[in-house]
Number of protein chains: 2
Amino acid sequence: MRSTMQGTPLTVASILRHGVEVHGDRRVITATGDGFRRSTYEQVGRRCGQLANALRRLGIAGDDRVATFQWNNQEHLEAYAAVPAMGAVLHTLNIRLSAEQIRFIAGHAEDKAVIVDSSLVPLLARVLPGLDTVKVVLVTGDDGDLAPLEGSGKAVLRYEDVLGAESPEFAWTDADEDAGAAMCYTSGTTGDPKGVVYSHRSLYLHSMAACTGNGLGIAEQDRILPIVPMFHANAWGLPYAALMAGAELLMPDRFMQAAPLARMVHTERPTVAGAVPTIWNDVLLDTEKDAGLDFSSLRLVVCGGSAVPRSLMEAFENRLGVTILQAWGMTETSPMASVARPAVTAGPADAWRMRATQGRPVCGVEMRIVGDDGTPQPRDGQAVGELEVRGPWVTGSYYQVDDDARFHDGWLRTGDVGHISAEGFLTLTDRMKDVIKSGGEWISSVELESALAGHPDVFEAAVIAAPDERWQERPLAAVVLREGAIVSPGELRSWLSDKLPRWWLPERWTFVEEIPRTSVGKFDKKVLRGDYADGRLKVETLE
Amino acid sequence: MRSTMQGTPLTVASILRHGVEVHGDRRVITATGDGFRRSTYEQVGRRCGQLANALRRLGIAGDDRVATFQWNNQEHLEAYAAVPAMGAVLHTLNIRLSAEQIRFIAGHAEDKAVIVDSSLVPLLARVLPGLDTVKVVLVTGDDGDLAPLEGSGKAVLRYEDVLGAESPEFAWTDADEDAGAAMCYTSGTTGDPKGVVYSHRSLYLHSMAACTGNGLGIAEQDRILPIVPMFHANAWGLPYAALMAGAELLMPDRFMQAAPLARMVHTERPTVAGAVPTIWNDVLLDTEKDAGLDFSSLRLVVCGGSAVPRSLMEAFENRLGVTILQAWGMTETSPMASVARPAVTAGPADAWRMRATQGRPVCGVEMRIVGDDGTPQPRDGQAVGELEVRGPWVTGSYYQVDDDARFHDGWLRTGDVGHISAEGFLTLTDRMKDVIKSGGEWISSVELESALAGHPDVFEAAVIAAPDERWQERPLAAVVLREGAIVSPGELRSWLSDKLPRWWLPERWTFVEEIPRTSVGKFDKKVLRGDYADGRLKVETLE
């Protein structure tokens, strides 16, 4: 029996139309270094029309890919909305990747055009000649020298000039909702980057999920500050969710240091902000320097990308009165898959325990833990295995790459290891490739890192597997101390001793200036393991 | 370019799985008259498995229709979840319809089974022999006599006995999301009732929309009291949204009078409740009798089904500290289409003006006003015409009936007349069939009724078109006074005179004991017009 419902597709065009028609007076506010520039969604909608007309005129047709090489700003939002809504495919290039990776990714995606911020022209200029498929470059921002892009054989145009010549009217495409709308490449630490192609449907549903009360509860009264970059997993979906809800967007542009971010919170009063833990750590330090900063507008700070230390959550709660909400996801999951809201029925102690996990799946996403033999494990908080996920905004393949090993009966194998409690909370203990197996048992590097980060002298810590004759592997802790702090490995080890099983405690310790990171800011443990293997770390071993 | 996303369908089965697995300890609480019975979603999930196994054993296969003849209670929720999740189609029968209408509807839908509450056995018994397609009747509740159903030639079984014999395990169907999941007939005042078939997709998306911050913001911490019947437009989607969010459900069962409802609010502390204005009017009267009733748990009272008088909203706000939120929709729109949350930027006066409208569309629904010539009208708060809507949870046809006149270029013609403001707020001024056209201009019966309801002596009022020699039509006001109140037509007319255009003010007045209502509780103006035409109303005419 067929339903009688209309077949209206879920599209980015309909998100854009809704934001502009129903919430046209809500604003997008972009940092300029010495102030802010402000536009309404109504104005953004008109500029989206101009951008779509310009891209058509410049030859963008069908599902051509339009890349962005951009900070979080109004123009990036315009590309987010206009490119998919005209039927083309948005490709967010990660500005932090190596020239070689960018060339590979832009070539693999066959990008036809690039929208670049003028401050990033020098960075793009290094790779542009090698981007064979790119025909057009649009440069946003009216300062900056275009000379570095010349001689690349591409048409190089100023974004504002091009838009100024166009009509704001455009007949947005109510595309097939399963068509590609946007793509993003994962920057795997091994092998070539792999592309994920989001559909109109997946972006729409993910945005709705972000607006639900059990998600982030985004609504018109919100003012959203996405610090997580828009070139990284859709800035966790915050821009589309804000447009859908008519929430205001506060865009930090290239002013991503702790001091301007803290000032932006103080003056522009966001209600929701999203960034990785490192950023919040830095912001917290900044607020220590300036006690006058007012963070009271924040009802929620979303934090993810790596495990959030409980000490960071407590410091935000106690010092700033701000709740950090841990969320988990990956490029392959759009990314919001789970949110660590404690169960409503939990008491204070249980609530903290739940907040320290990766959370419960939002409706739409299903999760399971699978053992070495491929069978789903019980939800008992004990059985450890690889996390698998499925749902309408979870990828089922990679763009033009066969990688069947990453999928299992229609579920995505996440490469993360952990367990799920009887209450449904996911705890990730490691990446598959970072696990430490000592005498046949798993030791969680993530839990060791989180416990170490709670020590008052520790800024951050990474724990890796060190080969060991007797136990096969033992944990090695690489610790970054706070400025001026002095503490011995023995003291850190005894700090851990009442928090974790005795046999988890590392014997091998090293103090480092910083933890090596990947292009998206995660600990790069492969580099750390290499440094250790090659004897580049000064390691102290406790008995 | 195809996306790489998984093709996971949006289904009632996945709502059920999510509610049970992630929010298994949240409860469904059903009134028993002298108390409440309580179950968890985990228990409801097991009973859903038993129900599905039982229905299979009783011959329900494929897309067979399973009807309910039920109050709002746990067993009705079990049918809501289990019937679509097993791949069958839920058909909610309206217990308030005439025997003839029920026979027509159950026959047209070809219902195979009916799940009936024991208190409604006598009502069902009157029509059961004529329900040719029905083979099985399951009776919920352990009191009550089954004798009236015997001799109908149907298998009559007790629900609890049948469930008790079954396993709670059932392999839920991840159906095609466009397949029919549930159906509901509109009780048109003219012609045969017409069926709307909701899809898994439409129910899923509608539930998500109810959970968004701009919708009703339903989340795990909520306790939802659906007073609007589950046989009427899915109880506005509250049951599915609650299950999706893990919100608790407070079910009034058959205890639908103002006094037990008010007590349920007092003792069970719902955060959200939904009912038509009449119910809230009655509840308000009840709270006047008992000042000790505590309504402070309610963060939101959703109100719709007919225009909500501002006086009612103000009384709730001032006397009980409770916000009434007007929402608009119809059976054909699942039903939530718009919600009258004031714009965030509005000052207090504008906010009240916006709250008195039918609101702005929730994301997913699009609205337009179409003139007599079929062209979309400007959004200027002035241009009046028929409201048309579209979206993924709006019907595009009726079940096995050709009624092309109700659709226009893929939009549903709602039969409602009104205008949309520049800020996007919809104001409905009349049903097409109830419009009053005086000297070529529209007079809004809805605005007249709302203004009259604000008079302290008026309980409620209905305004209809009276044929008039000079003006073609003039408004006639039928007024129900509060107990013991005495007021003259002249006084009521002068009450209106500073609130509405002079030429709108009715000359014809009648005082009645009650306004005739349709089976779903709306004013039945057809009956009122007939009473007037046939001289059954005692009308006083002012000069």
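The contact between the two chains of this predicted model takes 73 residues from chain B and 73 residues from chain A. Contact here means heavy atoms within 4.5 Å. Residues are numbered from 1 along each chain as its sequence is written, and chains are lettered from A in the order in which they are written. Local features need pLDDT of at least 70, side-chain atom pairs count only at pLDDT 80 or more, and totals for chains, interfaces and linings use all residues, while side-chain values use heavy atoms, with hydrogens and water left out.

The size of an interface is often given as the accessible area lost when the parts come together. Chain B and chain A bury about 5600 Å² between them. This is accessible area (1.4 Å probe) lost on being put together, summed over both parts. Carbon and sulfur atoms hold 52% of it. In chain B, Met1(B), Met5(B) and Gln6(B) lose the most area to chain A, together 16% of what that side buries.

Ten salt bridges link chain B and chain A. Each puts a side-chain nitrogen of Lys or Arg within 4 Å of a carboxyl oxygen of Asp or Glu. One of them joins Glu21(A) and Arg379(B), at 3.6 Å from N to O.

Several elements of chain B touch chain A, among them helix H1 (12-22) and helix H7 (200-211). Helices (H or I, at least four residues) and strands (E, at least two) are DSSP runs, numbered from the N terminus. H7(B) gives the most to this side, with seven residues. By class, the side has 34 nonpolar, 21 polar and 18 charged residues. Nonpolar covers Ala, Val, Leu, Ile, Met, Phe, Trp, Tyr, Cys and Pro; charged covers Asp, Glu, Lys and Arg; the others, Gly among them, are polar.

The model holds six cavities of 30 Å³ or more. A cavity is a set of points, on a 1 Å grid over the protein atoms alone, where a 1.4 Å probe fits but cannot get out; lining residues have an atom within 4 Å of a point. Grid points are joined across faces, edges and corners, and volume is the space filled by probe spheres set on the points.

The largest cavity holds about 170 Å³. Its lining has 18 residues, and Gly364(A), Val365(A), Glu366(A), Ser14(B) and His18(B) lie nearest the centre. H1(B) gives the most to this lining, with five residues.

The second largest cavity holds about 120 Å³. Its lining includes Glu21(A) and Arg379(B), the pair that meets in a salt bridge. H1(A) supplies the largest share, five residues.

Technical notes: Buried area is the accessible area (1.4 Å probe) that two parts lose on being put together, summed over both. On a 1 Å grid over the protein atoms alone, a cavity is a set of points where a 1.4 Å probe fits but cannot get out, and a pocket is an open set with protein on both sides within 12 Å along at least five of seven lines; lining residues have an atom within 4 Å of a point.
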